[in-house]
Amino acid sequence: MKVVFLAPSYPPEMQQYTRGLAEVGAEVYGVGDTPRASLPASLKPHLADYLQVPRILDDDDVVARVTEWLRGRSVDRVLANWEVMVLTAARLRERFGIPGMSVDTVRGFRDKQLMKERVRLAGLRTPHSERVRTASETRAAAARIGYPLIVKPISGAGSADTYKVQSAAELERALSAMQHVEVASCEEYISGEEFTFDTVCIGGKPAFMNVAQYLPPPLVARSEEWISPIIITVRDLLQPKLVAGVALGKQVLGALGMGDGFTHMEWFRKPDGEVVFGEIGCRPGGAHLVDQMNYTCDIDLFREWARAVCWGKFEAPTTRKYNAAIIFKRARGQGRITRIEGLRAFMRAYGDHVVEERLLRPGTPRRNWKHTLISDGHILLRHPDWQKTYEMAQAAATEVTLYAE
Ligand SMILES: Nc1ncnc2c1ncn2[C@@H]1O[C@H](COP(=O)(O)OP(=O)(O)OP(=O)(O)O)[C@@H](O)[C@H]1O
Ligand SMILES: [Mg+2]
């Protein structure tokens with residue numbers, strides 16, 4: 001089984017997927033812009049070969065160079081788990097006639113308006129939305145949709161340039177802040193709780209499923225620096241509160257023609273119980289979500305994903321043992337971390353349930369919390385009981401404080 005895997009070393013978790021592929025017996029042909037000499041030593045044994053390209057995001061160039069590189073060799077899969085690479089992988093598959101999702105199918109996972117149109121066409125509930133290119137188109141769409149609404153880039157990530165807009169005056173402010181965005185989505189604002197629906201699929205059917213709750217919703221977490229964002233995987237997927245969301249998730253996979261691999265969907269649950277589709281990608285969630293899912297079941301999804309996409313099998317147990325919570329911390333002050341308060345007391349009280357503590361240590365420069373959800377480090381903990389997990393996560397959010405100067 002020869003597998004071309006795009007971007008095998010960056011973002012860093014891609015190294016784990018490369019390892020997983022090698023562990024299930026694939027010969028991995030990596031393509032990335034990291035210089036060969038700078039590839040981590042731990043990654044090299046898992047790569048059969050590596051092509052360094054000058055610009056990994058230059059789609060045409062990557063397709064041309066990989067085509068040249070593979071001349072005379074046959075490959076069985078072309079895969080990518082990084083959002084910005086999934087279309088390139090599909091283009092390469094089409095060019096070589098390799099099984100897997102087509103460019104058209106993958107566009108349904110990349111283009112937020114097309115995605116919603118396809119999901120809507122299947123009779124599923126999405127926010128009312130329109131694709132807009134100019135200020136006047138946005139004003140006209142806003143008049144049809146009504147306030148409050150959301151304007152955001154069609155191919156956004158990390159809630160960048162995403163605005164909740166409550167009035168015509170606020171719309172004007174959002175429009176001037178978004179001038180660099182070429183194509184946007186103007187949509188009905190859905191208020192409610194926000195969850196993920198994650199899968200590893202084989203032929204569009206989930207071999208593994210997960211739901212996690214965002215506390216608070218990502219847009220809120222991204223607007224206020226003092227918040228410590230929390231994400232908790234839910235142990236009990238069968239509880240009444242989640243049934244409709246899980247059903248929606250499975251139907252969305254069908255509507256978009258999902259094939260093999262990871263999916264990461266976001267959905268809302270309104271106070272009246274109605275569930276609404278948010279967005280979906282045909283790749284794993286970021287910000288350690290795969291680690292959280294692994295801690296939920298004590299499994300290795302990096303490897304099981306590889307088994308699913310290479311051999312059509314999923315062999316890990318899917319029994320959910322824990323709710324796994326990750327708490328991202330943001331330091332007070334700018335510059336370098338100077339001290340951490342409350343950590344010792346927190347660990348004394350809850351240390352038995354903590355599986356990772358990766359807060360930045362004094363002396364380390366702060367990360368930009370607007371650019372990366374992982375902020376100034378995290379605590380990851382787990383417990384079989386949801387309420388206990390929630391309470392410990394809240395304690396980590398409120399009782400542990402990093403300072404920077
Ligand atoms: N129609 C909507 N109603 C309410 N909230 C919304 C809506 N669309 C987006 N949001 C909020 O904005 C956040 C970011 O939007 P979305 O997930 O579409 O973009 P994104 O930038 O790709 O997200 P990310 O990469 O962080 O997952 C959502 O998680 C949600 O909190
Ligand atoms: Mg999102």
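**Exercise 1. Which residue is the bridge partner of Q213 in strand 11?**

Solution. In strand 11, Q213 has I232 as its bridge partner. The model is predicted; local features need pLDDT of at least 70, side-chain atom pairs count only at pLDDT 80 or more, and totals for chains, interfaces and linings use all residues. Residues are numbered from 1 along each chain as its sequence is written, while chains are lettered from A and ligands numbered from 1 in the order in which they are written. Strands (E, at least two residues) and helices (H or I, at least four) are DSSP runs, numbered from the N terminus. Next, take the strands themselves. Strand 10 and strand 11 (residues 230-233) run antiparallel, joined by four bridges. Two strands pair if DSSP finds at least two bridges between them.

**Exercise 2. How many residues of strand 10 and of strand 12 are buried?**

Solution. A residue is buried if 20 or more other C-beta atoms, placed from the backbone, lie within 10 Å of its own. In strand 10, eight of eleven residues are buried, and the strand is mostly covered. In strand 12 (residues 261-269), nine of the nine are buried, so the strand is largely enclosed by the rest of the structure.

**Exercise 3. Why does ligand 1 lie between two domains?**

Solution. Domain bounds come from an automatic or database domain assignment. Domain 2 (128-188) and domain 3 (193-404) both give residues to the shell, so ligand 1 lies between them. Now list the suppliers. Strand 6 (149-153), strand 8 (184-188), helix 8 (218-223) and strand 13 (275-281) each supply at least two shell residues. Of the 20 residues around ligand 1, G156, I190, P217, P218 and L219 come nearest. A residue is near if its C-beta atom, placed from the backbone, lies within 6 Å of the molecule.

**Exercise 4. Which residues have the most contacts inside the largest nonpolar core?**

Solution. A nonpolar core is a set of buried Ala, Val, Leu, Ile, Met, Phe, Trp, Tyr and Cys residues joined through C-beta atoms within 7 Å. The largest has 96 residues, and V4, F5, A89, I232, W305 and A325 have the most contacts inside it. Helix 11 (residues 301-311) gives the most to this core, six residues. Domain 1 (2-100) and domain 3 (193-404) each contribute at least three residues to this core. Then look at F5. Leaving aside neighbours within four places in sequence, F5 is in contact (C-beta atoms, placed from the backbone, within 7 Å) with residues including Y17, L21 and L79. A second, separate core has twelve residues, among them V132, V151, V165 and L175.

How values were computed. Two residues are in contact if their C-beta atoms, placed from the backbone, lie within 7 Å.
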